[in-house]
Each structure stands twice: as structure tokens, then as C-alpha cells.
Amino acid sequence: MTLVRPQDWRPQGIASLEDRAWEALRETDQCVCVTAGAGSGKTELLAQKATYLLQTGICPAPKKVLAISFKRDAAAALSARVRLRLPRAHSYRFVSMTFDAWTKGLLDQFRRALPSPYAPDADYDISFPTRDIANAQLARIGSSLTAKQLEDLVAATKLPLEGQDLPRGSRALLEAYWQDQYEGRETTLLTFTMINRLAECMLRQHAGIRAALRATYPFVFLDEFQDTTSAQFELVGTAFCPSTTHITTVGDDKQRIMGWAGAMPNGFQTFSEAFHARRVSLLANWRSHADLVAIQHLVAAHIDPGVERAEAKRTRSVDGQVSAIWVFRNRQAEVDRLASWLATEIRSGRVEAHDIVLLVRLHADRVEAELQPAFEAEGIVLRNLARSVGEVTLQDLLTEELTTLLLPLLRASASTRAPEAWSTAVERMTALRFVHDDDVPRRVMRDVETLTISVRRFMAETSPKEALAESLVSLLVEGIGEDLIRQSTSAYQRGADYGRIRDGFVSLLGECMSASRDWQEVLDRFEGKGQVPLMTIHKSKGMEFHTVVFFGLDGQSWWSLKPMNTEEMNSFFVALTRAEQRAFFTCCAERGRPIGWVEELLGDAVPRVIGGPVDTIPRDGA
Ligand SMILES: Nc1ncnc2c1ncn2[C@@H]1O[C@H](COP(=O)(O)OP(=O)(O)OP(=O)(O)O)[C@@H](O)[C@H]1O
């Protein structure tokens, strides 16, 4: 594979980078800490930097670039961007995963290296305790702390407990907790906080594992660094500091919405000091046009009065209002008008249904139930991404490795004219092979062809029916090789984890099959084409949509949105900045009072419109 000289390398898939982004991209002697506002291209910068490092050979084969994100969607989106930009021969050396997946992968691979009694059996379960379960455990171990306080204590305490300088009460409590999680039931139960502590302990105690990790990944990226907890940062420190590993962090303090989960208040400063990182701030906003960027700046300056004004790079492509607070008398009027406006927008072809997002602060299920009848009456399909499909949320399922592997194969089988699906299928199948030699692409092409022929035959002989979902998935999985799939993804090495995702996939496919007339429709439904997504702000991090509608900007839906509550203000900022062209908010008198100070902050730029949206009349009258 020919390498490009660093001085000849050009960004892939975009025309240019701003000067400061070039600086951050070319810096490879020193760690880099990039802070920048929403839409400034932080994730794009990471995708470009990975491309640069791999194409120039600065990260030489077989060494890899490891990108760690906090959300599954972010990890999947980054991976997809790099795959788009890199020739196949390089893309297998870009590894993108969530922090939790990374730590769990370390534990699963090296758990036997942990000291007794911390080495868990291979069949441990992941624990997401409900409030009742947590309270029962607190009573069992005699804790006077709340579940959250106990979790914070676990997160703050290194292992093994024997070596730590701890107050006697804390030590006894922690010992009781760890013992209860390991021995209180048939299988060991681990939370991600515990997994983090175990992985840190294992790396700290084993220089050989640290050295192997550093040798494999000379370049590490940390996306959305503002959401890193102290325990996660400690793990990164143990893994890579001091060492020759080059770390690039990117993030935005104004989008720090995980403080409740322990995100460090001054993470960028802490990182820069510990890793002697060069600090770079970006100025552009590539996502939103100037009118929206001006509104975003009002909120950004409220959060951080010293914030630099971003330079809007996106062209405005819509007429009429780009932002407003739609005020309704009652809830019925709110949902009816919203549904009829959305239907008009979608039918006019101004925007695709899946490019409009409905955001809520909390309780997506309740909002879904409230909106459903009016949406159905208008022929709009609402897709609640927070709902569960089996034991996984829909949003998570869509970004699972299994999904991104099987879906392109189904697409390539359902139509002989799906070149993109075909090349994604070949890329994903190549990545499964781990090794790269010149023969792999040819072999993979043959495999994909054989597989798509048999799936195509299955599709030709049957019409979509829910009961067939399992057989179709088995056909694919067996055709690829279930062992190969499970070996290639550390998260699937444990049977229970793989089974949960496979079952979720079968279940969603079955749902789509039962509601569709042909195979194209099945796959469109699966991917959410032509459906309006509904999600919480937390889940919308890192995403972007043509139009954003925030449902429930009122004192009841968002009682915690207070001027001094930075975390909530940051959430508001995240919601507002997902929009490329338009951002609207609904407020309903029957539900709660308007949030006066927010309306004052936004001023005339975001007017109150009584009765809801005004239909857009394009300038040319079309
Ligand atoms: N240099 C560039 N040229 C053209 N488009 C770009 C460039 N950088 C980023 N973009 C586009 O701008 C949008 C925002 O970029 P990106 O998602 O990387 O920003 P971000 O800083 O990570 O955003 P956020 O923090 O708000 O999630 C994306 O659609 C991306 O493809």
C-alpha cells in the first residue's frame, strides 16, 4: 500500500480545514487537547487525523489508532466517517469503541491477571441495578449511604482494597459491597464502575499488558472528553501516561451534561497538565448557518461569558422562521398542530421525515404515547429511539457491530442496484478477518457474493413475515460464521452479551417484516427511513438534523432549567446546536408555565408564536 508524504496529504471528503484544525492534526510530537464549540468539526478532525496518521505511515502497520467515545452512536459515527475516508487496506487499523466497551474488552481479555479475589469468572453479568435492587443491597451490606454515594465511593477507590489508605468504615463497606457483588448470587455481577476499577488495577499491576497496549496503539483519541469521569481519567493515565502514546482529546465544556454521573469539572485542564498537551481551540461552525449560530452564541455566552464567537460555515437553505417558541393553549392543540405541520413539511419535500428530530428532556415513552394518535392520523411514523427491543434500546441496537455487519448484507441482497451497501458489506466482512493481506479483498468479495445469492433466493421465495426473521438471521450469521463474528468484537465474546444483541436484531427485523409488503420496505423501516425520530437530549449528543423540535420548553417538563444550573443549561445548548437549519421549541400553557428567563435570554431572535408553527411559504411560491 503506497504511503502519502505528510506534506502532500490533503483532507479526505471535505475541501479544507481551518488553520487551527491543521495545527491539531499535524501535531504528533506532543499530546493535543482540542476544545471547541458545537459543530466545529471536532469529530471530523479526529476522522481526518486518523486518515492522516494511517495514510502517511506516521502510524505504521500493523499498529493501530484507538478512538474512545462515550456514546455508542459517537463511536459508530466516527468509525463510519473513517471508513468513508480511508482505503480498505488502512481502515482495519482504526478501532473506534466506547469507553465502556474498551474497559470491558480489557477485563474480558486479561481478567485472569487480576489478583484474588477480584478475578471474575468469564460468565459474570453486567449489572444495571434498579432503585429497589440497589436499596435491598444497601440494607444487606448495612450501608447508610445512598446508592449514588456508594457508587461514587467505588469509583473513587482503587483496587485492591487491601493496599488503600481508607477510613475503617469505608473499607468495611467497600469490602462488603465487592463481596456481595461477587458472591451474593449465582453469577458475579459487575457494574461498569467496577469494571473500570478492575481494568485500572490490572493495568497498574502488569507492566507487560501496559506495554502491549501501548505498542498496539501509538495514537489514542478521546472524543467528548468533557464527559470523562475521574475514574476513567485515572484508567487512561495508568494505561498511557507516561509513555510514547500520543493522545488527542476533543470536547466542549458547554456540552458537559454528565456531571451527575461524575464527569470531571475541569477535565481539559487536568488532561493538559498530566499529559503536557498542546491546547488548540477551533473557531468554525460547519453545522449551522449564521442565523442559528447567532442564537447559539446567546446561550454559549450565558454558559461561558468569555466564549469566542463561532464563524458559521453552513449556508441557510430555508425560508421563513428558523427558530421560535411555539406556544399552545392545551396539549391537544399542541400535538395536533405539530403533527399537521410536520406532515405539511414532509409532503412538501422540504425535508425528509428522518431529518427532523423531536427532542425531549426525559420520558420519551410518555411523549411517544401522547403524540402517537395525532401522528398516525397524519400518516407520520414516529420512531422512539429510547424504546427497548428485547434487552437493548433501539438506538443502541442500530449502532451495534452485528447490525452494521448484517444490514448492508441484507440491503445488497434485496437489490442488485445497491453499490454503497455492497461496498460497506465488503468492508465490514474484510474487517472481520483481522489480518490484511492482498488476497483478502478477493476472498471477501467471493464470500459476499455467495452470501447475497443465498439471501436473495430466500427473499425471492418468501414474502416478509415476522416468523421468518430468525431463519433469515441464521442464514446470514451461519453464512458469515458465528465464531468469526464473535471473535471480531470483544463485546460479543461472552455468550450472554452476543445473545442479547442477536435477539434484539431478530426482534426488530421481525417487527419490520410483519409491517411491510416487500423487502425494501422492511429494510427502510429497520433503518428508520421516512420516520421522525424521537429521543432524549442526552442521546442526541454528537448528532445533527436539518430541523430540531424540542418538545416541552416549560416549567413542568423542564423544571430544572434554571439560570445557575449549568448542567441543564448545557443540555439546552446541546439540543439547540443539533440543528443545521431550524430549531423550534414547544410550550403548552396546560402543562406548565413558560420559562421566562430563557425566553428573555433568547430575545427577539427566538420569538414566541402563539398557536404554533406558521406554514413555510417558499419565496418562489412553489
Ligand atoms: N472542515 C470541514 N469542512 C466541511 N464540513 C465539515 C468540516 N468539519 C466538519 N464538517 C461537518 O460539520 C458537521 C459538524 O461536524 P462535527 O460533527 O465533526 O462537529 P463537532 O464539533 O464534533 O460537533 P458537536 O460537538 O456539536 O457534536 C458535520 O456534518 C461535519 O461533516
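Which domains give residues to the shell around the ligand?

1. **Ligand site.** Domain 1 (6-103 + 205-282) and domain 3 (289-384 + 541-610) both contribute residues to that shell, so the ligand lies between them. Domain bounds here come from an automatic or database domain assignment.

2. **Basis.** This is a predicted model: local features need pLDDT of at least 70, side-chain atom pairs count only at pLDDT 80 or more, and totals for chains, interfaces and linings use all residues. Residues are numbered from 1 along each chain as its sequence is written.

3. **Shell residues.** There are 18 residues around the ligand. Ala-38, Gly-41, Lys-42, Glu-44 and Trp-286 come nearest. A residue is near a molecule if its C-beta atom, placed from the backbone, lies within 6 Å of it. Helix H2 (42-56) and strand S9 (284-289) are the elements that give two or more residues to the shell. The largest share, three residues, is from H2. Helices (H or I, at least four residues) and strands (E, at least two) are DSSP runs, numbered from the N terminus.

4. The shell divides into five nonpolar, eight polar and five charged residues. Ala, Val, Leu, Ile, Met, Phe, Trp, Tyr, Cys and Pro count as nonpolar; Asp, Glu, Lys and Arg count as charged; the others, Gly among them, count as polar.

5. **Other domains.** The assignment also gives domain 2 (115-201) and domain 4 (392-527). Their C-alpha centres lie 38 Å apart.

6. **H13 and H25.** Two packed helices are described by the angle between their axes and the distance between the axes. For helix H13 (residues 290-303) and helix H25 (residues 566-576), the axes come within 10 Å and cross at roughly 160°. That makes H13 roughly antiparallel to H25. Axes are lines fitted to C-alpha atoms, for helices over the stretch in contact, and angles run from 0 to 180 degrees between N-to-C directions. Angles under 35 degrees count as roughly parallel, over 145 as roughly antiparallel, 65 to 115 as roughly perpendicular and the rest as oblique. On the H13 side the contact includes Val-299 and Ile-303; on the H25 side it includes Met-569 and Phe-573. Residues are in contact if their C-beta atoms, placed from the backbone, lie within 7 Å. This contact has seven nonpolar, four polar and no charged residues.

7. **H14 and H15.** The axes of helix H14 (residues 331-348) and helix H15 (residues 364-377) come within 9 Å and cross at roughly 40°. The two helices are therefore oblique to each other. H14 brings Val-335, Asp-336 and Ala-339 to the contact; H15 brings Glu-370, Leu-371, Ala-374, Phe-375 and Ala-377. Six of these residues are nonpolar, none polar and two charged.

8. **H20 and H22.** Helix H20 (residues 469-480) and helix H22 (residues 495-514) have axes that come within 8 Å and cross at roughly 130°. H20 and H22 are therefore oblique. Among the contact residues are Leu-472 and Val-473 of H20, with Phe-505 and Leu-509 of H22. The contact divides into seven nonpolar, one polar and two charged residues.

9. **Backbone points to check.** The Ser-116 to Pro-117 peptide bond is cis, with omega near 5°. Pro-117 sits in the loop between helix H5 (99-110) and strand S4 (125-126). The Leu-159 to Pro-160 bond is also cis, with omega near -5°. Glu-224 has phi near 50°, a positive value in a residue other than glycine.

Definitions and conventions
Two residues are in contact if their C-beta atoms, placed from the backbone, lie within 7 Å.
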